[in-house]
Amino acid sequence: MARWWWPGGSVDSGELKRQLAAIRAAGFGGVEVQPLLLGLGEAALAEDPRLRSVGQPAFRSRVAEAASLAVNTGIAFDLTLGSGWPGGLPTPPSNAERQLLMGELELAGPSNFDGRLPPAPDQSYRDNVEWVLDVLGPPDTETELVAVLAARIGPERDGVPTLEDIRNLSDRVDAGRLQWEVPPGNWRLLAFYTNSTEHFVMGGAFPGKEEDARVVDHLSQRGADALLEGYATPIIDSLPRGQVRGVFVDSFELMGELPFTSDFAKSFEAHAGYDPTPHLPLLFRRGGESKYAEMIDLFGRSGGPVYLSPVPGHAERIREDYEDVRRILFEREFVARFARWARERDLEFRLQAHGGYGDYLDTYAISDVPESEGLFGGGGFDFLKLAASAAHVADRKWASSESFITLRLFGTRLSDEEMRLLAGRAYSAGINRLVFHGVPYPYRRADGEEWYPFSGGFGRILAGPLPMSSNIDDSALVGLGDFNRFLGRLSVAMSEGEPAAEVAWLRADPVYPDEASLQLGRIEPRAGESPTTRSLRARGLVHDRISRRMLSRAQIGGGGDGDFKIGARTYRALVIDPLATAEPALVERIALLAQSGVPVIALGALPHRAPGLRDAHSRDARVQEAVKRLKPRVLRVSGDENLEDLLGRHVPGDVIEPLPGKTLSISIDRRRSPAGDILFIFNESWSATKAPLRFTRSGGQLALLNPRTGNRTVLRENVQAGDTVTINLEAAESLVLTLAAAASPPSLLKPGAFPPDGS
């Protein structure tokens with residue numbers, strides 16, 4: 001697929017038709033329209049009013065025309081839900097992303113206070129965010145008072161001041177003033193306000209001013225409905241059903257001093273079982289909460305608590321409850337609303353979950369097509385694996401990735417070799433549909449230069465100072481046919497049958513740390529990969545990442561002795577991240593799996609308590625009891641027992657393994673069908689390599705498919721357990737092995753599905 005960048009609504013019939021034909025000729029199977037203003041300046045906006053016409057009747061007509069042309073051209077048509085990102089549109093502050101602010105005033109007692117409340121402060125993250133991107137409008141002055149508390153300042157704990165004797169003074173406030181007899185000691189008067197973050201959509205091409213297009217509230221259905229009813233529904237419902245294949249929600253770059261919504265306190269009490277109001281100061285973090293600010297916090301000055309409770313662990317539990325409620329609202333009220341809306345219209349719902357407030361794995365799984373990207377998380381294998389794993393567990397056929405994108409010091413192109421390496425990395429992680437970052441509509445800026453929205457620099461509406469790759473303009477389209485046939489063959493091969501993996505690996509952290517995919521020279525193979533991934537690869541094992549909730553629902557059995565099932569997939573071994581805290585049901589399920597004979601390998605500490613405040617004592621006791629049952633059976637990674645050795649002794653490969661005493665350096669992904677197994681093998685290095693593969697079971701015909709040429713070579717008519725086959729791979733080369741089941745026909749792929757060049 002190609003992300004098709006439009007300069008707002010300034011597109012014309014003839015050029016739409018011409019470019020779609022060129023996109024089709026370049027081997028693309030679909031386009032996704034994303035209209036935006038990045039890379040354009042004030043001169044262009046003044047000269048061309050159609051740029052700021054997104055969402056208007058004329059723009060809807062252009063979308064309808066493009067969708068019809070795409071279908072007639074023979075390619076699928078998708079639409080981004082909005083313009084720019086994250087999701088928003090011109091909307092009142094009541095529908096916009098909201099936050100809680102904490103105003104503070106120091107008081108010394110005993111004394112009599114009679115005065116105005118401390119005012120709402122500005123966002124503490126503003127300067128850091130604007131150092132990265134200009135996406136904040138003037139502060140919202142329409143603040144709403146939520147609560148007024150007073151607390152005595154206690155001794156510091158871990159370098160953080162504590163709050164004692166917290167009192168709710170909200171009912172004593174009259175017209176913004178408070179009368180209160182301050183008891184002896186040093187006190188803080190704390191006033192809490194809610195307002196809009198005034199975070200506006202980056203690059204949005206809506207009518208009006210840039211700051212009018214506010215990012216919607218991602219913690220309420222009200223925010224989702226504002227975007228659906230104000231933008232998506234008028235476009236989609238005016239088109240013939242089936243003309244648009246799917247809709248797409250881009251990644252989330254959300255922020256707030258303390259992310260909040262109008263009914264958050266009510267939702268918190270319903271879920272956590274207590275009123276959060278007396279505990280509000282314990283929820284705040286230094287520097288607020290913003291992905292942009294976190295990325296430049298090189299010295300760790302932000303992110304820690306502003307205040308703690310004198311009771312160790314008390315504030316931490318309350319913050320855990322806050323994050324859990326925030327997760328529920330984000331997934332249930334916002335993301336699930338989009339999924340329902342899309343399915344009511346028979347649309348494929350494609351989603352980038354990263355940057356949001358949910359568990360990334362669980363949020364990806366809500367969509368029909370979980371989508372990763374090559375810029376977030378450094379574009380590494382470990383991050384790409386999350387979207388693919390969610391697709392596997394949720395039984396989705398496709399997992400996609402926004403691909404061929406890096407930050408570069410110069411230029412907007414990747415070499416052919418770099419494109420092949422990035423493609424192979426994605427397919428080896430389980431991605432089977434690639435979305436080129438994209439193809440810009442031909443448009444000439446007011447200064448006469450050809451438009452590319454991610455060219456970098458200063459003086460225009462920008463996505464940052466550095467250019468992004470890769471600019472697929474008209475000249476690049478001409479040379480993409482062979483490469484896209486290569487990708488198409490891989491997508492066919494790696495969407496046959498069902499995904500298969502030996503290992504489920506619990507990701508304890510619900511989110512993944514972001515880092516820019518900054519390219520200083522040639523792309524570095526395997527940059528940022530974890531030691532665990534390298535150990536699994538060395539043994540030739542395929543894995544899926546799973547969330548806490550996914551693992552809590554695991555079922556014993558599903559394939560054979562010692563197997564267990566998570567969602568739609570069956571595994572033979574479980575690897576668990578270090579767990580400081582865990583819900584009792586999760587630890588009890590892990591213990592049950594270990595008792596049933598499943599190899600459970602712990603990468604670090606086992607949990608010592610449950611998260612959250614409600615019923616903490618009894619829930620902690622359940623966790624500790626389950627850990628007692630688990631400890632005698634769990635396999636621990638330590639100085640004497642490294643992960644690779646444990647895997648070698650306890651987790652044999654389903655199809656292949658390295659030679660005795662050896663390891664594998666190639667990446668492997670695997671599919672299984674009644675006809676046999678399909679293995680994707682990839683050499684993520686800039687040097688040629690030989691890969692000796694030892695087969696762990698017998699099979700029928702073994703064939704090698706070269707996706708660059710379409711050629712198929714039979715290596716053996718049958719394979720016996722213990723046989724070894726050596727595969728030669730060039731630098732950054734991707735190949736496909738098929739091993740037929742003993743009683744199956746030799747070809748696993750549908751006739752004509754893997755055609756050679758010229759077919």
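## A parallel sheet of five strands

Let's start with an open sheet of five strands, which line up in the order β24-β22-β28-β29-β30 with parallel pairing. At its edges stand β24 (543-546) and β30 (635-636); each has a single partner strand, so one side of each is left without a neighbour in the sheet. Strands here (E, at least two residues) and helices (H or I, at least four residues) are DSSP runs, numbered from the N terminus. Two strands count as paired if DSSP finds at least two bridges between them. As a bit of background, strands of a sheet pair through backbone hydrogen bonds, either parallel or antiparallel.

Now zoom in on one pair from this sheet. Strand β22 (residues 503-506) and strand β28 (residues 573-576) are joined in the parallel sense by four bridges. Which residue stands opposite Leu506 in β28? Look for Ile576.

## What kind of model this is

You're looking at a predicted model, where local features need pLDDT of at least 70 and side-chain atom pairs count only at pLDDT 80 or more, while totals for chains, interfaces and linings use all residues. Residues are numbered from 1 along each chain as its sequence is written, and side-chain values use heavy atoms, with hydrogens and water left out.

## The chain as a whole

The protein chain has 18 helices and 38 strands. Its C-alpha trace spans about 90 × 70 × 45 Å along the principal axes. How does that fit with a compact globule? For 759 residues, such a globule would have a radius of gyration near 27 Å, and the protein chain has 28 Å, which agrees. That radius is taken over C-alpha atoms, and the globule rule is 2.2 Å times the number of residues to the power 0.38.

Of the 759 residues in the protein chain, 59% are buried. Buried means under 20% relative accessible area, exposed means over 50%, and partly exposed is in between (1.4 Å probe, protein chains only). The protein chain exposes about 28800 Å², and carbon and sulfur atoms supply 49% of that area; accessible areas come from the Shrake-Rupley method with a 1.4 Å probe, and for residues only the protein chains shown count as cover.

Contacts (heavy atoms within 4.5 Å) tell you about the fold too. Take those in the protein chain between residues at least 6 apart in sequence: 80% of them join residues at least 24 apart.

## A mixed sheet of three strands

Another open sheet has three strands in the order β20-β18-β23, and its pairing is mixed. Its edge strands are β20 (468-469) and β23 (518-519), each pairing on one side only.

Strand β18 (residues 406-408) runs parallel to β23, and two bridges join them. Across that pairing, Arg408 stands opposite Gln519 in β23.

## A covered strand

Is strand β16 (residues 369-373) mostly covered or mostly open? Mostly covered: five of its five residues are buried. In a regular strand, side chains alternate between the two faces of the sheet. Both faces of β16 are covered, with Val369, Glu371 and Glu373 buried on one side and Pro370 and Ser372 buried on the other.

This strand has a parallel partner as well: β15 (residues 348-351) pairs with β16 over two bridges. Arg350 has Val369 in β16 as its bridge partner.

Most residues other than glycine have a negative phi, and most peptide bonds are trans. A few spots here go the other way. The peptide bond from Trp85 to Pro86 is cis, with omega near -10°, and Pro86 sits in the loop between β3 (76-80) and β4 (88-90). Gly109 and Pro110 are also joined by a cis peptide bond, with omega about 5°; Pro110 lies in strand β5 (residues 98-116).

Ala175 isn't a glycine, yet its phi is positive, near 55°. You'll find Ala175 in the loop between β8 (173-174) and β9 (177-196), and its 66% relative accessibility makes it exposed. Arg526 has a positive phi too, about 60°, although it is not a glycine. Arg526 belongs to the loop between β23 and α14 (531-538) and is partly exposed, with a relative accessible area of 23%.

Val492 lies in helix α13 (residues 481-493) and counts as partly exposed, at 26% relative accessibility. Val492 and Asn432 are 60 residues apart in sequence, with 8.1 Å between them in space, C-alpha to C-alpha.
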